[in-house]
Amino acid sequence: MPIEVLLVEDSPGDVRLTQEAFRDINRSVHLHIASDGVEAMIFLRRQGVHTLAPRPDLMLLDLNLPKMDGREVLACVKGDDSLKTIPTIILTTSEAEVDIVKSYQLQANCYLNKPVQFDAFESLVRSINDFWLTKVKLPTRGKANE
Amino acid sequence: MATMQDISVRNAAEKNLAQMEGKYRGLLEAAPDAMVVVNQGGEIVLLNVQAEKQFGYRRDELIGQKVKNIIPEGFAERLRADGLRSVEDALAQQIGTGIELTGRRRDGTEFPIEIMLSPLESSEGILVTAAIRNISVRRDAEKHLAQMEGKYRGLLEAAPDAMVVVNQRGEIVLLNVQAEKQFGYHRDELVGQQVKNIIPEGFAERLLADALRSAEDALAQQIGTGIELTGRRKNGSHFPIEIMLSPLESAEGILVTAAVRDITKRKKAEAHLLQKVEELNRSNEELEQFAYIASHDLQEPLRMVASYTQLLSKRYTGRLDSDADEFISFAMDGASRMQRLINDLLAYSRVGTKPMDLLDTSSEEALEQALINLRGAVAESGAIVTHDRLPTVLADEMQLVHLFQNLVGNAIKYQGPGIPRVHISVSKNDESKWVFSIRDNGLGIDSQYFEKIFGIFQRLHKREEFAGTGVGLAICKKIIERHGGSITVESQPGHGSTFRFALAGTK
């Protein structure tokens, strides 16, 4: 069974890196891309072009995004009873204390920094895979929002 | 004949006296001044006790005598009619005005007097009442002032500042040319005027006695200290002044000499300096902000370059030709060096932008933490690091760890062959600050580079010899400066180096 992961990321370079990393690590991951916050919400609510979108098992969310930034997306998701059980991982270059604190206040499930080198990035994606997609027990799809 | 005349005058005088005795005696005697009544012949017909006292005669020695005996000049003449005026007119001209003359006592001594004349009608015709005041005290005071003027005038005029001498009633008694110029008044317009006219606030108040202090004490409190006030010119414009007060003893009591300096230029310079300092601070802050933002934003594109060259290397090394492998390796090396530079620049700008937490900090614990962070380098080099017992100091703990880590790290890094030895010692200086010394047995530094090594991105070695971005000592310098100290180095090539910095102890 494929694992549905939503990556909310505006940088094509980062999108590709994430795709490359998952390709090497776990081929059963199905990576969906939203390039800004508005598109992310449309995907999650299965509106417009995304009416047939699956409910993601995990969301990787960048903070600095056009139109609607990651903090707003996080607030919407965690304030929505049907979406708040989706584990949401902040994946950003920001090391600012204020961003870290704010993210956890908004109920982010964890906060990760993007490393500079590919090796380090790949190893981070591997950790995400090993923990969030392997060891962690997630609610069964279709039961989570009941 | 002369005797006959005398007798007739005396008789007439006696008759007058008898007539007037009842009328005026009481009035005359009540007057505070000497009073002498004279007829138009210039002969004294009446006088009071004060007149007897003042001139040293008994009453009967003066009655009927010429008034010239006691006021030799200027009085009798004034009473005479001449071709141009009648007696009444002559007298009328003098009435009520104070005339300054000289009185002569019985013993021949003279003294200054002021007389006031008034007419008195009698059966004999118009008599003249003269109120005579001894003004020798006033004259003395005037003379004293004139003397003082003479003495001090030269001094006052030689002074570069405006000088104003003021009495305890706040009246200006003396001033110099500079004061005239500075306040735009002519001397005559100021002498005798309240000093408040030219220094509206803060000066006159300082001279007054109050319930808590005498005039002398009030003045003593102000002597010698520069007081910044505002001066007012004749045209109403204001300007900043500094006044210095000093006491001046005189017959009138203590006077105050005020040296008044126009400090417009100084005030402007001060304001200018303050503005420049603010500008400099702002520009420094902006620069630090800029360094932070720039280094932070540079990381984004760098991540792409570094990540993709690495991905390229991982996927394609050995699958293209050997040139391609070399190019990829140079690109990777450049990207990782740039990453270190940016990280160090970020670290450097963080030292300047992060708020400091100055607390009592154990420098020994800070050093131990630094040595834990340096574990790898210490183990690899086999370095022997020793230290004295280190004190508690006032410092930001994180920054102190950073400081030790950079300095001990450098001491281990810049070594020739052999085992690095590093010793950290401490002593107290004359300002009772703790002076830390980090001594090594390393390569040493030529004295011409002592300043350069603390600059950002300054390096003395080729990259192949020693890695590094040249930011470490710049960070050390900034940390120490933020703690209010300075860092110095003492070294000789081949004989090791000693870095020193001072920190305040605990309160």
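In this predicted model, the second largest pocket is lined by 13 residues, and those that lie nearest its centre are D57(A), L133(A), V136(A), L138(A) and P139(A). The volume of this second largest pocket is about 280 Å³. Among the elements of chain A, helix α5, which spans residues 118-135, gives the most to the lining of the second largest pocket, contributing four residues. By residue class, the lining of the second largest pocket divides into seven nonpolar, two polar and four charged residues.

The largest pocket is lined by 49 residues, of which H402(B), N406(B), V471(B), G472(B) and I475(B) are the closest to its centre. Four elements of chain B each give two or more residues to this lining, namely the helices α12 (322-353), α15 (397-413) and α16 (472-482), together with the strand β17 (497-504). Of the contributions to the lining of the largest pocket, that of α15(B) is the largest share, at 10 residues.

At the level of domains, the lining of the largest pocket draws at least three residues from domain 3 (268-351) of chain B and at least three from domain 4 (355-504) of chain B. Its composition can be described in the classes used above: the residues that line the largest pocket divide into 21 nonpolar, 17 polar and 11 charged.

Conventions: Residues numbered from 1 in each chain as written. Chains lettered and ligands numbered in written order. Predicted model: local features only at pLDDT ≥ 70, side-chain atom pairs only at ≥ 80, totals over all residues. Heavy atoms only, no water. 1 Å grid on protein atoms, 1.4 Å probe; cavity = no way out; pocket = protein on both sides within 12 Å on 5 of 7 lines; lining within 4 Å. Nonpolar A, V, L, I, M, F, W, Y, C, P; charged D, E, K, R; others polar. Domains from an automatic or database assignment. Points joined across faces, edges and corners; volume = space filled by probe spheres on them.
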